[in-house]
Amino acid sequence: MRKTGADRFLDSMDASMSRTFRSLASGILGDGALSAREKALIALACSVALRCEDCTRRHMEQAKALGVTREEMLEAAAVASLIRMGSGLNAAAVLLEELEDADASKR
């Protein structure tokens with residue numbers, strides 16, 4: 001697996017701090033109330049929503065290793081894209097509110 005920017009950064013840190021971060025990630029992404037497989041899909045979708053290409057590649061590889069299918073990954077990415085689009089619409093609504101407030105104050 002190719003090293004991401006995050007991997008390179010962690011490798012440059014104090015070894016104890018790097019181990020702590022990686023241990024936390026392993027603990028969170030392991031089996032729990034949600035399976036590691038389900039968490040891999042969530043992590044992949046979050047990476048897509050955040051538009052982090054290194055993260056998307058990393059979580060795609062982890063998902064593949066856990067047996068997530070191509071179709072499942074694409075569907076998770078589609079959900080993430082929809083959420084990202086919705087957040088863009090919410091941000092655009094702020095513009096609309098500001099314009100409406102400006103128009104109202106002119107009256």
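What volume does the largest pocket have? About 630 Å³. Before you go looking, a word on the ground rules: this is a predicted model, where local features need pLDDT of at least 70, side-chain atom pairs count only at pLDDT 80 or more, and totals for chains, interfaces and linings use all residues. Residues are numbered from 1 along each chain as its sequence is written, and side-chain values use heavy atoms, leaving out hydrogens and water.

**Stop 1: the pocket**

Select Phe21, Ala25, Leu29, Arg58 and His59: of the 22 lining residues, these are the closest to the centre of the largest pocket. (On a 1 Å grid over the protein atoms alone, a pocket is an open set of points where a 1.4 Å probe fits, with protein on both sides within 12 Å along at least five of seven lines; lining residues have an atom within 4 Å of a point. The volume is the space filled by probe spheres set on the points, which are joined across faces, edges and corners.)

Now colour by helix (a DSSP run of H or I, at least four residues, numbered from the N terminus). α1, α2, α3 and α4 each give two or more residues to this lining, and α2 gives the most, with seven. By class, the lining has 13 nonpolar, five polar and four charged residues. (Ala, Val, Leu, Ile, Met, Phe, Trp, Tyr, Cys and Pro count as nonpolar, Asp, Glu, Lys and Arg as charged, and the others, Gly among them, as polar.)

**Stop 2: two helices**

Next, show α1 (residues 5-12) and α2 (residues 15-29), which pack at an angle of about 140° with axes 7 Å apart. The two are therefore oblique to each other.

**Stop 3: Lys3**

Step back to the segment before α1 and click Lys3. Setting aside neighbours within four places in sequence, Lys3 touches Arg8 and Asp11.

**Stop 4: Arg51**

Finally, find Arg51 in the loop between α3 (36-50) and α4 (53-65). Arg51 is not a glycine, yet has a positive phi of about 65°. Most residues other than glycine have a negative phi. Is Arg51 buried or exposed? Exposed, at 64% relative accessibility (the cut-off is over 50%, with a 1.4 Å probe and protein chains only).

Key:
Buried means under 20% relative accessible area, exposed over 50%, partly exposed in between (1.4 Å probe, protein chains only). Axes are lines fitted to C-alpha atoms, for helices over the stretch in contact, and angles run from 0 to 180 degrees between N-to-C directions. Angles under 35 degrees count as roughly parallel, over 145 as roughly antiparallel, 65 to 115 as roughly perpendicular and the rest as oblique. Contact means heavy atoms within 4.5 Å.
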